[in-house]
Amino acid sequence: MGVNVAIVGATGLVGRTFIKVLEERNFPVDNLYLFASKRTAGQKLTFKGNEYTVEELTEKSFDRDIKIALFSAGATVSKMYAPIAAEKGVTVVDNSSAWRMDDNVPLVVPEVNPQDIKWNKGIIANPNCSTIQMVVPLKPLHDRYKIRRIVVSTYQAVSGAGKKGVDDLERTLNGEKNQCFPYPIANNCIPHIDVFLPDGYTKEELKMINETKKIMGDNSIKVSPTTVRVPVKNSHSESINIEFEKPYQMEDLKNILKNAPGVVLMDDPENNIYPVATIATGHDEVFVGRLRRDETVYSGLNMWIVADNIRKGAASNAVQIAELLIK
């Protein structure tokens with residue numbers, strides 16, 4: 001038995017990846033409804049060999065039998081339309097920042113806190129891409145050794161800003177003027193993602209702080225992030241320094257990661273085996289490497305993680321949530 005599925009923001013980078021991932025994972029779709037803004041309504045998209053026409057999103061779009069709606073159309077659209085869908089019996093999995101820190105909305109990474117899906121009231125939030133890939137390998141380590149503090153520096157691909165980000169990389173590589181980022185992204189690393197806040201952190205950095213605590217279910221974890229946009233088309237990389245409360249043995253720690261759901265351990269530096277963006281792109285796992293002890297603190301660890309930000313950081317995580325909903 002299949003279910004009726006809607007995609008809101010179907011013509012965007014994540015929306016198109018929703019369709020691709022649903023097909024790849026053989027999600028049981030009976031009827032598929034595609035919605036977008038008036039500007040892109042009318043476009044044709046293909047799912048499992050069948051062509052679908054994108055409809056304009058309106059307040060009446062959910063006046064039909066839809067079980068699950070995957071949203072990726074920005075916070076403003078989600079704030080307006082997700083409650084309408086939920087009121088009509090649709091379960092919304094929302095990729096925007098609109099509901100992530102709402103106490104009444106679960107914020108879910110299926111490998112980390114699948115149990116939180118049970119208390120949804122019609123809306124489930126998909127976390128920020130940089131947070132998702134960080135917590136997947138950190139949760140099993142936290143369960144074993146308890147994480148006291150995380151210092152993370154991100155190296156985030158331009159696809160995290162959508163098609164306009166990818167276009168800006170191509171544009172500035174060709175010597176043309178930047179239109180998306182505050183500086184030309186070609187040949188630059190820009191330590192500025194989302195808006196700056198009064199304390200000097202960016203909104204992207206604040207997301208990593210707050211979302212990590214909510215997903216991990218532990219407000220005591222201290223998170224110190226610096227988020228950076230880099231001239232890479234796809235897949236985010238992160239350098240992470242962790243301070244544990246308990247001592248660890250490296251082999252035991254590696255075994256935990258080897259057996260962790262959604263994690264691929266690539267840690268053989270002598271043979272140049274470690275994760276890079278081109279390896280992660282197109283996959284749903286989080287790739288982990290460069291594991292080494294930090295001798296400057298009691299029980300410290302340095303690690304390097306890479307994941308496809310459009311897939312695991314957005315579309316695939318949402319589809320995994322949808323899979324849990326229909327189990």
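A salt bridge here is a side-chain nitrogen of Lys or Arg within 4 Å of a carboxyl oxygen of Asp or Glu. With that in hand, select Glu323 and Arg25: they form a salt bridge whose closest N and O atoms are 2.8 Å apart. Glu323 sits in helix α8 (residues 311–326) and Arg25 in the loop between α1 (13–24) and β2 (29–36), so this pair ties together parts that are 298 residues apart in sequence. Over the whole structure, a search turns up 17 salt bridges.

A quick word on what you're looking at. This is a predicted model, where local features need pLDDT of at least 70 and side-chain atom pairs count only at pLDDT 80 or more, while totals for chains, interfaces and linings use all residues. Residues are numbered from 1 along each chain as its sequence is written, and side-chain values use heavy atoms, with hydrogens and water left out.

Now zoom out and switch to cartoon. The protein chain has 8 helices and 14 strands, taken as DSSP runs numbered from the N terminus (helices: H or I, at least four residues; strands: E, at least two). Its C-alpha atoms fill a box of roughly 60 × 50 × 40 Å along the principal axes.

Next, colour by domain: domain 1 is 3–127 + 314–325 and domain 2 is 130–307, with bounds from an automatic or database domain assignment. Their centres, over C-alpha atoms, are 25 Å apart.

Where do the two meet? Select Leu13, Glu111 and Val112 next: they supply 37% of the area domain 1 buries against domain 2, more than any other three residues.

Last stop: the charges. The count between domain 1 and domain 2 is 2 salt bridges. Pick Glu211 and Arg100, a salt bridge with its closest N and O atoms 3.4 Å apart.

Definitions and conventions. Buried area is the accessible area (1.4 Å probe) that two parts lose on being put together, summed over both.
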